[in-house]
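Please look at the sequence and the structure shown below, and keep both in view while reading this report.

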Amino acid sequence: MANNKIDPKNVSAQLQYRARGNPPATQPVTAISNCFPGLEFDFRNIWRRIFVGLVLHEARPLVVDIEDPQLEGFRGQLLVSVEGEDIWTQVSGPQVSGGPVQNLSGSSLEWANALASIVERGGNEVRCGFYDRNSQQVTEVNLQVRRIFEQEGVPDGESAVLAASLAQPGELTQSLCSPWQNDYRECACYYWAASRPDFVNSEEENGVTQGQNWLHKDRGPDTPKTYSLRNADLVSYEDLFRDWEQLRFIIRGQDEDEPQD
Amino acid sequence: MAIARIGSSDQPMDNYDLQDFKEDPTAYRELIPAETLVVEDGRITGLETPSSVRFRDGQGRIRPVAPFLEVWAAFEDEGSLEPLTAQHLEDLGLSPSDMRWRVRTANLKAFRRTGRDGDKVEADSGPFSDHQNHDLRGECVNFKDGKSIPFGSVQYLEPNDEFPEIRLRFVPGPGKVYGPAAGDPNTVDDVYDASRGTWDNHFDGQPGTPTSTVPGNIYTGRFNSQTGRYVSVGYLDDACDGIVEVSLDLPAEDGGQAETLTALARISSGPPDFAPDSLHVRNLADELEQMALGPEVEDVEASRPQEIVRHALDTVRLMETRVMNGNQNVGGVGNNSNNMAGQDQGYGRAFEPIFNMNVDPSAVRNFHANTVQALADGSNAWFLDIVRQFREVGDLSNAGRHKMPAMMRGSDGLHLALTRRQRAQIQASAEGRVIRDEEPDQPEPPADASPEDDLRRLIQHFQSRAPLHAGIPSGAEPLSSRFADPDQLIQHLLNQPAQGALSGAVRGQPLVVPGDPANSAIVRILRNPGHPMNAPFSRPVPGTGRTGLEVIERWIASLS
C-alpha cells in the first residue's frame, strides 16, 4: 500500500484508501450514516454551513445563525425548497389499524438526500426558498453552495477531505449523546445493529430462532437463549458509565471467545 | 478521514483484513490478522502479523483503534498523488523536521446544548515538528482549575530507511466519563465547575439556549417531576473530532516566491465497532460517495447491488426482527414499542406491527441471503419497487412501511431510505445498465430433469421474492409464507385463482389450467411486459437451461 499512487481526480480512490497499518475500523465504511444522532459522528452537521452566509440546524431546516449580515433577515426562518425542490415531505398513515391513510403531519427530509442534487454545485449559486413563520410568506434568494471537499493545495484535482469551512473541530460530534453511553441502551437495533448489535448467539430450530440480547449482562455458555428486554437482565447505565468495556465483541453473530495471554 | 475508537488498553489494536468468501457470498467475513506497524520510541521499528485478531489485552481491556495518517503529495502538474517520504524532502533540500503539524480537536457536546463558549472543551497540540507524544488535553473555561479531559495523543513518527513515509498517529482517549461532582462513582474525575457553567443544570428547551438537538434530551440527566424537565447532571466523555494540519515551507526557486504547502485530515474518536465483521446497510462511505459523485449513476458494477444487500444482511443478522417489527409478548415485557412501529405513533399513526407475516429472524435473514445469492449468481436487481425512495420516508401506510430498508430509522427520524445514489445503483441494475467483468457461469442442466424438477428449482431460485407476495392471500396464510415449502407453493398454483393488485385482467381466473399454458393466468401475467416478474422470468433459471417462463409453460403442459 505504501507505494500506491492515486490520480488526484479520482476522489473515490482517495475516499476508499486505507493507510498502511490501519485496521478496517478506521474507515468510513465501518461508520454509520443514519444519524439520529449517530455514533462516530452526527454527520448531519456537515450540512449546517452548506450555504455561504448562514448556519442551519443539524437536523431541521431552520436558520440558527447568520454569518453574512446581509442575510440577517433569514434568521429563524425555515428552508423549504432548493432549486424548486421541496425539502419537506408529507407524513401519512392510518390513525386506526386498518383505517384509511390520512395526512398526519409534515416533516423535513434528511439533509443528505434532500440536498444531494446540489453537491456538485459547489462555488455556484442555487435558488433557496425560506418560510417566515411570522409573515407566513416564502422568500426566495440565491445562495452560494460551499464546496464539500477541500480544494486548497490540490490545484489539479479534488481532495477527499471534508472542507474545513464546513465544520470546525468538535462540530461533527457536537450533537451526539453526552456521554456517548447515554441512549446506548435504548437506541435499539433499528439504528445500527451492524456495530451496536442487538440479537446475538442465535440458533434456529424448526423455523423458530432464539438468541440473546447483546446487552444481557453476565451471560455465559449456560445462559438460556432467551431474548430479554427486562431491565433486570440487562446492563444498566451505571454499568455502561463505569465499565462499558464489559460489552462483548460479536464475531459471526456469537460472543467472541477472547484468547488469553 | 480516519476514525479512532476508544479503549483503555495501552496496546493499540493490531491491523486485520476483512475477507469475503467467494464460495459463499452470504457467509460472515473472516477477520484475518494483517501486517501491523510496530511503534517504539516515536518511530516504526518493524512489521508484525499477529497470530490472531484480538480486541482486548491480557487484562481484558479493549484495545483502542489508533489510526495512522499519511501525507500524500503530487510532484508535477497533473501528476499522481503518492506518499511523501523523507527522500522526497531531501530531494527538495528539506528534511522531516521541516514538517509542521498542528492538531485541534474538541468535544462541543455541552456547548451545543448550553450555547456558552465557556463550555467548549478544546485541545490544541500547537505546532510541532518533533517525534514526541503530544497529549490532546481537552481544556474548558468552565472546568475547575487545573482540570482537563484527555482526548488522547498524537505523534509524528520519525521516518527511517525502512519506513520513510511521513505519517502521524492518533491514539484516542480511554473512554472515561467526567462530571462535576467529586466521588461520583460514574465518573473518573470532577472536572466541571458548576459555579462557572450551567451544563450540570441544563435542560433542553431552556430559554436562551440553542434550539435543541433532534432527538433531544440525549444527555445523562434526571427527570424532575415537579417541573417536567429533564435536567443534565453535567456528564462529559473523552470522545472528540478535529482537524490535523500539516504544512511545509518550500524555498524560493529560480527567483520565484517561497511557498507553503498545507494538507488537512479529519479525525474522530468514538465507540468501538462491536461487530467488526459486519457493515451497515447505509454507512459513511455511501454518504461520502454521494457527496463526491452525486445522486445519479449511468451504470453500475454488477457487484454493487449485491454489496448493498449484503450490508443489509449483515444488519438483519444482528436484529431481533420480531421485536423490531413491533410484535408483542416478546422479550418478557408487557409493551414492546421501542421500534419504528412505536416511533410512528408519534405522528399519530396507529400502533401495529410493520409486517403481518412471519418475521422470525431466520426467515428475514434467509430472505436477504437468498437475494445476495441470486445477485451473486448473475441476476440483476429485481427489487427496485420495494426499495424506499427518499421522498417516501413519511409514507406510514402498510405498503410504505414494508419498503426496504425496513424497521430502521433514518437521519430525519422517519423510516430509513438508502442514499439516492445507492438506490440509483439498484435502479441501474434493475434496468440492465450493468458493468460485468464476465458472464456468470451457468451450470449444465441435468439431462433427465422433469418439468416438476425444474419447477422446484425455479421456486428455490425465487425464494428471495417471497416478501413481495405478502399481500396476496393463500388460504389462511399470505402467499409469501408458501415459498418456504415448494409443495405448498405448487398447491397454491394448482388451486388458487389470480389475485393481487397486479393480476390485472386475469384476476379471478385459474392460475393454472392443466395442459393449457396459454390459458393459464400465471402465464398471461408473466408474459405481461408491465408486470414486475416479466423480466426476472425472461432470464435463465440456474440448473434448468430454460427461462422462468419456459419452466412454467413446460410444467403446465405436462399436467393432465
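## A sheet in chain A

In chain A, strand β3 pairs with strand β7 (residues 125-132) in the antiparallel sense over 4 bridges. Here helices (H or I, at least four residues) and strands (E, at least two) are DSSP runs, numbered from the N terminus, and two strands are said to pair if DSSP finds at least two bridges between them. The model is predicted, so local features need pLDDT of at least 70 and side-chain atom pairs count only at pLDDT 80 or more, while totals for chains, interfaces and linings use all residues. Residues are numbered from 1 along each chain as its sequence is written, and chains are lettered from A and ligands numbered from 1 in the order in which they are written.

## Turns and loops in chain A

β7(A) and β8(A) form a hairpin with 4 residues between them, and A:Q136 in the turn has a positive phi of about 60°. A:E83, which lies in the loop between β3 and β4 of chain A, has a positive phi of about 55° although it is not a glycine. Is A:E83 buried or exposed? A residue is called buried if 20 or more other C-beta atoms, placed from the backbone, lie within 10 Å of its own, exposed if 12 or fewer do, and partly exposed in between. A:E83 counts as exposed, because it has 12 C-beta neighbours inside 10 Å.

A:N206, in the loop between β9 (199-205) and β10 (208-213) of chain A, is a residue other than glycine with a positive phi, near 55°. Because A:N206 has 4 C-beta neighbours inside 10 Å, it counts as exposed. A:P37 lies in the loop between α1 (11-16) and β1 (54-56) of chain A, and a cis peptide bond with omega of about 15° joins A:F36 and A:P37.

## Features of chain B

B:P12 lies in the loop between β1 (2-5) and β2 (16-19) of chain B, and it counts as buried because it has 21 C-beta neighbours inside 10 Å. Leaving aside its neighbours within four places in sequence, B:P12 is in contact with B:R63, B:P64, B:A66 and B:V171, where contact means that the C-beta atoms of two residues, placed from the backbone, lie within 7 Å. Another proline, B:P405, is found in the loop between α8 (398-401) and α9 of chain B, and a cis peptide bond with omega of about 0° joins B:M404 and B:P405.

How do two helices of chain B pack, and at what angle? α3(B) and helix α9 (residues 420-430) of chain B pack at an angle of about 85°, with their axes 8 Å apart; the axes are lines fitted to C-alpha atoms over the stretch in contact, and angles run from 0 to 180 degrees between N-to-C directions. The two helices α3(B) and α9(B) are therefore roughly perpendicular to each other, given that angles under 35 degrees count as roughly parallel, over 145 as roughly antiparallel, 65 to 115 as roughly perpendicular and the rest as oblique. In this packing, B:D286, B:E289, B:Q290 and B:L293 in α3(B) meet B:R420, B:R421 and B:Q422 in α9(B).

## The chains and their contact

Chain A has 4 helices and 12 strands. Its radius of gyration, taken over C-alpha atoms, is 23 Å, well over the 18 Å that the globule rule gives for 261 residues, so chain A is more spread out than a compact globule; the rule is 2.2 Å times the number of residues to the power 0.38. Chain B has 13 helices and 26 strands, and 49% of its 560 residues count as buried.

The contact between the chains takes 135 residues from chain B and 121 residues from chain A. On the side of chain B that touches chain A, the largest share, 9 residues, comes from helix α3 (residues 284-293) of chain B.
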